[in-house]
Amino acid sequence: MTDLDETMTGAEVIAHALKTQGVEYVFGVVGVPVIEVGMAIQQAGIKYIGMRNEQSASYAAGAIGYLTGKPGACLVVSGPGLIHALGGMANAMVNCWPMIVLGGSSDNDQQSMGAFQEFPQVEACRMYSKFSEKPTSMEIIPEIIEKAVRFSMYGRPGACYVDIPGNFVNAQVKSKTLRFRGMCPPPPRSLSDPGDVEKACRVLQSAKRPLVVVGKGAAYAGAHEEIKELVEKHNFPFLPTPMGKGVLSDDHPLSVAAARSRALLNADVIVLLGARLNWQLHFGRTPRFQKNVKIIQVDICPEEFHNNVPTTVALLGDVRNVIKQLNECYHKTYRGVSWKLPMKSEWWKTLQEKINSNAKQTEDIANDKSVPLNYYAVFDVLKKQLPKDCYIVSEGANTMDICRSTIPNYLPRHRLDAGTFGTMGLGLGFAIAASLHAADTARKNGTEPEKVVCIQGDSAFGFSGMELETVCRYKLPIVFVVVNNNGIGQGAGKEFWEGLQTTDEIAVGALPIFLSPNARYEKVMEAFGEEGHYCESADQLAKAFQRCLSRSNQNPSLINVMIDPSSSRKKQEFGWLTRSKM
Ligand code: ADP
């Protein structure tokens with residue numbers, strides 16, 4: 001293909017440029033004009049995964065970017081295909097994950113004529129990306145792809161878009177006119193200003209009630225060793241954000257995740273590592289935080305500092321490097337004399353007391369295995385069998401929230417959920433990405449692949465359930481658990497529906513949050529030749545889960561577990577999305 005005297009098609013140029021840039025996975029849905037691009041990508045030895053909907057393909061590309069640190073690509077057709085992929089681009093942008101979208105578009109010489117699926121794609125993608133470009137010639141395609149890959153990883157990671165005019169796909173270009181750039185090196189890792197690091201040390205040293213918050217930026221940066229050293233050297237309590245879970249193991253004795261609200265509310269100094277003071281952290285404001293809480297923030301993006309509340313010490317740089325600097329600064333300043341927050345301090349006592357009372361409350365609900373089951377009982381059954389090294393994908397409001405607080409993660413970057421954008425419907429795309437990554441990692445290391453368990457509410461599953469066909473076609477050994485409450489947030493039982501006879505009654509009587517009662521989602525899996533299980537009791541669930549985990553070396557399966565339609569989170573001190581004040 002690279003013989004300089006030969007010609008290449010546009011499709012081959014794109015595939016070769018992607019390969020040169022080290023793109024390993026392309027998720028897509030082919031059609032006019034990108035069929036040949038999909039084929040060329042496969043021929044170039046890149047893993048092409050044919051999905052059923054562009055939205056899931058774009059979610060998968062973002063997730064693989066998060067898991068590997070290199071952008072996954074998403075290949076889509078023009079117009080509606082591209083529009084479907086915007087969901088995944090926005091999700092990747094908001095989560096700060098690298099990905100690129102390659103969108104077929106109408107032929108250049110039909111622009112503005114009302115061509116098939118014509119749409120202003122470059123403009124549409126601009127809002128959802130860091131870089132959005134249409135190559136003006138075939139010769140420039142490799143340059144544009146290199147730039148898209150580089151931009152997606154460098155600085156704050158995000159999505160990039162490359163437009164593929166239809167008339168470029170099968171047109172020929174002389175190989176010698178093409179300049180394929182070498183693979184873009186991984187992003188350089190930056191350090192903070194040493195003066196700022198010293199200031200951070202001083203502020204931390206003066207803290208009475210310090211707290212370390214570990215975000216998914218820290219997970220992405222692979223900063224687990226450095227953060228472990230920081231918290232263990234000083235006995236700092238820490239808590240993870242939802243996808244910061246596992247950077248330090250959830251069973252670490254310094255974790256105060258079970259006293260989250262109390263820790264946030266009372267801390268006087270917070271070290272914020274790769275996390276934003278957005279809705280997920282209640283904007284850093286009262287009533288969820290102290291009014292004058294000091295924030296030491298580490299972020300790769302300078303615009304992130306002082307958002308919503310002033311940053312006391314802004315440590316600009318890669319979180320792994322900056323924590324290394326902080327650890328070294330402590331060591332130098334205190335000449336190796338360790339300074340530890342006593343476990344008998346008032347701060348640790350108040351946190352410990354809350355951890356214990358919350359654990360008791362949760363245990364009581366989880367032990368109640370009466371039928372219909374509640375969320376906590378379901379997760380209690382799963383938790384007892386989950387391997388420590390498995391990937392957990394989780395979505396659906398209650399399912400995700402309760403799963404987050406009850407099912408532990410032990411390894412970094414092993415939890416994927418609705419994330420900062422609160423996107424529902426991404427579970428299957430994410431699980432597919434995690435499963436491919438697990439298999440590849442195992443192949444490289446000569447080990448058994450880590451398992452992937454996708455725990456979704458019935459509403460979340462419905463957004464992209466047909467991707468089960470993709471899962472079965474590629475034989476991806478994922479265990480799906482649909483926690484079925486017959487609705488969005490809350491549902492109604494069979495009896496309610498049986499009472500409704502006519503269409504009019506259904507329109508008036510059935511709230512928009514209700515979904516069909518006892519829908520047999522497991523049969524969707526059976527339709528593609530794999531195993532489905534329907535469960536109502538804890539015993540049935542335990543047996544089914546054991547069976548699914550044991551066959552998950554080879555085959556996917558799905559458990560549809562019915563729960564009480566009115567089951568919800570245990571009583572919370574603060575309501576969901578409690579309003580914050582200055
Ligand atoms: P969470 O959902 O865990 O709260 P967010 O997505 O809100 O996390 O925030 C992640 C933050 O991490 C972003 O502000 C992003 O700029 C930052 N970030 C990403 N990669 C790095 C890195 N390598 N070093 C430091 N910060 C990073």
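In what order do the 6 strands of the open sheet with parallel pairing that includes S3 and S6 run? The order is S3-S2-S4-S5-S7-S6. This is a predicted model.

## The sheet from S3 to S6

The sheet is open and its strands pair in parallel. Two strands sit at its edges: S3, residues 47-50, and S6, residues 131-133. Each of these pairs on one side only. From one strand to the next, the twist averages 20 degrees.

At the S6 end, 3 bridges connect S6 to strand S7, residues 159-165. The two strands run parallel. Within this pairing, Ser 132 stands opposite Tyr 161 of S7. Helix H3, residues 54-68, packs on the sheet. H3 touches strand S2 (25-28), strand S4 (72-76) and strand S5 (99-105). The direction of H3 makes about 165 degrees with that of S4.

Strands of a sheet are held in pairs by backbone hydrogen bonds, in a parallel or an antiparallel sense.

Cys 454 stands opposite Phe 480 in S17.

## The ligand site

Which residues come nearest to the ligand? Of the 20 residues around the ligand, they are Arg 156, Lys 216, Thr 241, Arg 276 and Asp 299. The shell divides into 6 nonpolar, 8 polar and 6 charged residues. Helix H9, residues 216-221, supplies the largest share of the shell, with 3 residues.

A polar side-chain atom of Arg 156 is 2.8 Å from a ligand oxygen atom. A backbone N or O atom of Ile 300 lies 3.2 Å from a nitrogen atom of the ligand. At Val 319, a polar backbone atom is 2.9 Å from a ligand nitrogen atom. How much of the ligand's accessible area does the protein cover? The protein covers 98% of the 580 Å² that the ligand has on its own.

Most peptide bonds are trans, and most residues other than glycine have a negative phi.

The peptide bond from Val 32 to Pro 33 is cis, with omega near 5 degrees. Pro 33 belongs to the loop between S2 and helix H2 (35-43). Thr 286 and Pro 287 are also joined by a cis peptide bond, where omega is about 5 degrees. Pro 287 sits in the loop between strand S11 (269-273) and strand S12 (294-299). His 306 is a residue other than glycine with a positive phi, near 70 degrees. His 306 lies in the loop between S12 and strand S13 (313-316).

Conventions:
Residues are numbered from 1 along each chain as its sequence is written. This is a predicted model: local features need pLDDT of at least 70, side-chain atom pairs count only at pLDDT 80 or more; totals for chains, interfaces and linings use all residues. Side-chain values use heavy atoms; hydrogens and water are left out. A residue is near a molecule or strand if one of its heavy atoms lies within 4 Å of it. A polar contact is a pair of N or O atoms within 3.5 Å; within protein, one must be able to donate a hydrogen and the other to accept it, and residues adjacent in sequence count only if both atoms are side-chain atoms. Accessible areas come from the Shrake-Rupley method with a 1.4 Å probe; for residues, only the protein chains shown count as cover. Helices (H or I, at least four residues) and strands (E, at least two) are DSSP runs, numbered from the N terminus. Ala, Val, Leu, Ile, Met, Phe, Trp, Tyr, Cys and Pro count as nonpolar, Asp, Glu, Lys and Arg as charged, and the others, Gly among them, as polar. Two strands pair if DSSP finds at least two bridges between them. Axes are lines fitted to C-alpha atoms, for helices over the stretch in contact, and angles run from 0 to 180 degrees between N-to-C directions. Contact means heavy atoms within 4.5 Å.
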